[in-house]
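Reader: I'd like a close look at how the charged side chains pair up in this one, and at the helices around those pairs. Please walk me through that part in one go, with your cut-offs as you reach them.

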Amino acid sequence: MTQLSFGVFDVMSRGVADSYPSAADMYDDHIQLAVEVEQKGYEYYFSIEHQSSPLSYLTSPNVYFASLARSTSVLRFGMMIYQMPFHHPIRLAQESATLDHLSRGRFEFGVGTGISPHEFIRWNIPYESRREQSHEALEVIRQAWAKGVVTFEGKHFNFVEVLTEPRPFQDPHPPIWYAAHSPHSFEFAAKHNFNVSQNIDVDSVVAEKFDMWRKMLKKYKHSAPTPSAFLTRHVHVAKTDEKAREQAEPYLVTPRDKDPEFHEAGQVAVAQAGLEVSPDGRYQKRTQTKEHQELRRVFRERQHSYDFWIDNGLALVGSPETVTRKLKEQQDLIQMDIFCARHGIGRMPMAHVRESIDLFSKEVMPAFR
């Protein structure tokens, strides 16, 4: 069985923010949470970026991470992921390198393209060219980290001798994680020897995709160390299976039409752009790839069925013994290297979240050491 490292996936949605008197209180509490999980033996702390969306209130992640870097000492941290088309690559290269120095080499760099068209529309960013733009931006960032100066000519970015100090603290640079869903994304990650991350697909699909990526890695015959695979799942641990389900189910199964977070403004503009509101509450193109169709299926089914969450490994809920058993089964199937537990499920009270973290760290994690 693969050696397993543990992290926390901390998502600050609009619903989470609404439970605090102010954003200041929320940020303080979640930085304190990072300090607590570090003390309990978690090795990683990640969050996620969404712009113009109720899914994330962490719209300026690098500002937040500057504070977190100075509040922790050994915890590795980062975004999983930065949505690349929403960032200027020179600025992101410099800020990321600065975070790497502020933390003395604990920064992890997670990148991806984004999957929600409505976020792009509201920022006036072309959705269809997001992959090409992201790949150019990543090339610029890697050049900045390697040389401290960027000269680049592309379709989306052009630079001439732009100085990009500082270079990162880590040599040669922070670990790069690529959020992959499509075969093209896994091929890109394998070609560049990037680590990969997954957070949505059901277990059987993740296992197939990770296996495909590992076979692609062998094809490219990289000399560098083998990259790692990362999996995020919702996790809730209580003293008994019954108590865990009682506490978690109301926050896992929340139809979008009953969730005020998803009554968003701007639907007229989105409709004018040729999109529709899909059954899962997201805006999507009417013509979809197989990957998009599968993602929509997962989003749709998990709104209505607690069993769908559990049966497909999307959530691990139960007593410490139950969660340990399920996690071992999941690891045997998927062979991930890092498991990030999303203990904060929807608007679950922080008291329940902290209880779950305490039980998971004391009674689940030791079984994998």
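Author: Let's start with D358, which is partly exposed at a relative accessible area of 23%. On this scale buried is under 20% relative accessible area, exposed is over 50%, and partly exposed is in between, using a 1.4 Å probe and protein chains only. Keep in mind that this is a predicted model, where local features need pLDDT of at least 70 and side-chain atom pairs count only at pLDDT 80 or more, while totals for chains, interfaces and linings use all residues. Numbering runs from 1 along each chain as its sequence is written, and side-chain values use heavy atoms, with hydrogens and water left out.

The partner of D358 is K40, and their side chains form a salt bridge at 2.8 Å, N to O. By salt bridge I mean a side-chain nitrogen of Lys or Arg within 4 Å of a carboxyl oxygen of Asp or Glu. D358 sits in helix α14 (residues 350–364), and K40 in the loop between α2 (23–39) and β2 (44–47), so the pair ties together parts that are 318 residues apart in sequence. Helices (H or I, at least four residues) and strands (E, at least two) are DSSP runs, numbered from the N terminus. K40 counts as partly exposed as well, with 30% relative accessibility.

Now for the helices around that pair. α2 and α14 pack at an angle of about 15°, and their axes are 11 Å apart. That makes α2 roughly parallel to α14. For the geometry, axes are lines fitted to C-alpha atoms, for helices over the stretch in contact, and angles run from 0 to 180 degrees between N-to-C directions. Angles under 35 degrees count as roughly parallel, over 145 as roughly antiparallel, 65 to 115 as roughly perpendicular, and the rest as oblique.

From α2, the residues in contact are D29, Q32, L33, E36 and V37, and they meet M350, R354 and I357 of α14. Contact here means heavy atoms within 4.5 Å. By class, that contact has four nonpolar residues, one polar and three charged. Ala, Val, Leu, Ile, Met, Phe, Trp, Tyr, Cys and Pro are the nonpolar class, Asp, Glu, Lys and Arg the charged one, and the others, Gly among them, are polar. D29, E36 and R354 are also linked in a network of salt bridges.

K219 and E187 join through their side chains at 3.1 Å, N to O. This pair links distant parts of the chain, with K219 in helix α8 and E187 in helix α7, 32 residues apart. E187 is partly exposed, at 23% relative accessible area.

How do these two helices pack? α7 (residues 183–192) and α8 (residues 203–220) meet at an angle of about 40°, their axes 8 Å apart. α7 and α8 are therefore oblique to each other, and their crossing is right-handed. On the α7 side are P183, F186, E187, A189, A190 and K191, meeting K209, F210, M212, W213, M216, L217, K219 and Y220 of α8. The contact of α7 with α8 divides into 10 nonpolar, no polar and four charged residues.

K209, one of the α8 residues in that contact, has a salt bridge to D201, with the closest N and O atoms 2.8 Å apart. Are these two buried or exposed? D201 is buried, at a relative accessible area of 1%, and K209 is buried too, at 12%.

α7 also packs against α6 (residues 130–147), at an angle of about 15° with the axes 13 Å apart. α6 and α7 are therefore roughly parallel to each other, again with a right-handed crossing. R131, H135, L138 and R142 of α6 make the contact with H184, S185, F188 and H192 of α7. By class, this contact of α6 with α7 has two nonpolar, four polar and two charged residues.

To put those bridges in context, searching the whole structure turns up 15 salt bridges.

Key. Left-handed = near helix turned anticlockwise from the far one by under 90°.
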